[in-house]
Amino acid sequence: MKSNASLVYGLVLVVGDFLALVAAFIFAYAIRGPLSTVPVATPIPATEYLSAFLLLLPFWILIFALLGLYSPSIQEKRFSELGRLLMGSFVGLLFVIAYSYLLDKTIFPSRLVPVYGFSLAFIFLVAFRNLAREFRARLYRYDIGITNILIVGNTKVARELVENLADYHISGYRLVGVVGNKAHTAKRYPHLPVFDNFEQAVSKLKPNDIHSIVQTELYADADLNNEILEFAQTHHIAYRFVPGNSELFVGNIAVELFRSQIPVIAVHQTALIGWGRIVKRLTDFLLGGMAFTVSLPFMLFIALAVKVSDIRGPIFYKDRRLTRFNNIVNIYKFRSHKQVYSGLTPEEAFANMGRPELTKTYRRNGDYLATDPRITPFGRFLRRTSLDELPQLFNVVKGDLSLVGPRALQVSELEQYDKKDMILAVKSGVTGLAQVSGRRSISFDERRKLDLYYVQNWSLWLDLIILVKTIRVVFSRIGAK
């Protein structure tokens, strides 16, 4: 029997969203009506009010559907879901107001009712969806809603999938078999069936026991690829293909007709092209300008404190960093190093102080020392709180940097990475995906992978998510050193 877990969950979301909206506007009516001591402008009977909403709510749910709120792909993306719920709630309310205006029919007894309704609707919808997600995760423990999956391919991606989906009580996916990866899989997961080829797998497994097939490599034999796809189509099994060169398909992809007759897949180096670059620059200028203006009094105070803590040195530290298209820009920070070591490489600084052995420890710890002797006491505070980076807001307004982007690195640092040209397809940023995903708590290679993911998957919504997460990371000091 095929798994209908996604369909059932989607239906639960539809019903739950409907009830959440009904509850929100009932509460809004009660707060401003029967529970309020202030008379309403247009008294409307509760039955008439509720009837109008029950008539319009199916269209509201349709708006949610058009925004992709019932798509399986959005169910694990909490920030995206949150943004779409906010947008859907607002658009749905506008639809109700437009309906009332066009038909010249009063729906709300007071102007505050739609305000209360919108606020409560968003709160109830978010609360319900979090409860639904938690309830579904608990059902996995009782083997309810599990999707059986067959992985086909002898690749690194296949091994990663096996490891990520090994515990189906957490992932919701039960591995029924792996085609290939025999040595690796049999050693780590002895109870997992491993098959030499696809033909052997389907002879041992019943079609009804397979809900989804994930193929992680394209075989040289085209007939074998067709066999896998046709098997999935014949038995109505979900099919996904993971390209061997996964980095090729994570950028901005478009399916086009080449010379009006040949379908081709165009893969851009970054999604940040065309109007995207204009929108991003406007966002940087407006948000960066606002942040710079608000933080200016704090920067004046910090500048004074830096000067007092080490009167011999300058207030700001200027460094040459790489940004988009290999351009070199001067970025500014509040100086946190003692003046005698400012501008020196770690190797030079530790050698000058007679402690060259610290260089190995510094590099081994990911360019970090718990008690770095080069840094002033006030400088340690600035680094822990990330306040030393406030002057970079000037770089943002000026256009040297973006608010969000890959970390601006020195030439010597970026030379360590073999895909530096792809990272430099966009402007470097004050904050970025790597910074909100662990900062110094993750390795250099992991940070560069996250930078590369950002370059290839940029969106304005992703920028906003990173900015919100940056505030949380800074205040909680996650990964700060």
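The model is predicted, with local features requiring pLDDT of at least 70 and side-chain atom pairs counted only at pLDDT 80 or more, while totals for chains, interfaces and linings use all residues. Residues are numbered from 1 along each chain as its sequence is written, and side-chain values use heavy atoms, with hydrogens and water left out.

The protein chain contains 18 helices and 11 strands; helices (H or I, at least four residues) and strands (E, at least two) are DSSP runs numbered from the N terminus. Of the 481 residues in the protein chain, 41% are buried. Buried denotes under 20% relative accessible area, exposed over 50%, and partly exposed the range in between (1.4 Å probe, protein chains only). The protein chain exposes about 26700 Å², of which carbon and sulfur atoms supply 63%; accessible areas come from the Shrake-Rupley method with a 1.4 Å probe, and for residues only the protein chains shown count as cover. Among contacts (heavy atoms within 4.5 Å) in the protein chain between residues at least 6 apart in sequence, 68% join residues at least 24 apart.

Two surface patches are described here. Patches consist of residues with over 30% relative accessible area and no salt bridge, like charges being joined within 9 Å and nonpolar side chains (Val, Leu, Ile, Met, Phe, Trp, Tyr) within 5 Å. A salt bridge is a side-chain nitrogen of Lys or Arg within 4 Å of a carboxyl oxygen of Asp or Glu. A nonpolar patch is formed on the surface by F79, L82, V279, L287, M290, L460, W461, L464 and V468, which together have about 720 Å² of accessible area. Elements giving two or more residues to this nonpolar patch are α3 (78–102), α10 (275–309) and α18 (460–476). The most is given by α18, with four residues. W461 is placed in helix α18 and is partly exposed, because its relative accessible area is 36%.

A patch of negative charge on the surface gathers E199, D221, D223, E227 and E230. Asp and Glu count as negative and Lys and Arg as positive, whereas His and the chain ends are not counted; the place of a charge is taken as NZ of Lys, CZ of Arg, CG of Asp or CD of Glu. Helix α9 (residues 222–234) supplies the largest share of the negative patch, three residues. E230 is located in helix α9 and, at 48% relative accessibility, counts as partly exposed.

Most residues other than glycine have a negative phi. D143, however, has a positive phi near 60°. D143 is in the loop between α4 (112–140) and β1 (147–152) and is partly exposed, with 40% relative accessibility. S386, also not a glycine, has a positive phi of about 65°. The position of S386 is in the loop between α13 (377–385) and α14 (392–398), where S386 counts as buried because its relative accessibility is 14%.

S428 occupies the loop between α16 (420–423) and β11 (429–431), and its relative accessibility of 3% makes S428 buried. Although S428 and S402 are 26 residues apart along the chain, their C-alpha atoms are separated by 6.1 Å. Not counting residues up to four places away in sequence, S428 touches L322, T323, R324, L401, S402, G405, P406, R407 and A408.

T359 lies in helix α12 (residues 358–364) and is buried, at 14% relative accessibility. Leaving aside neighbours within four places in sequence, T359 contacts P346, E347 and F350.
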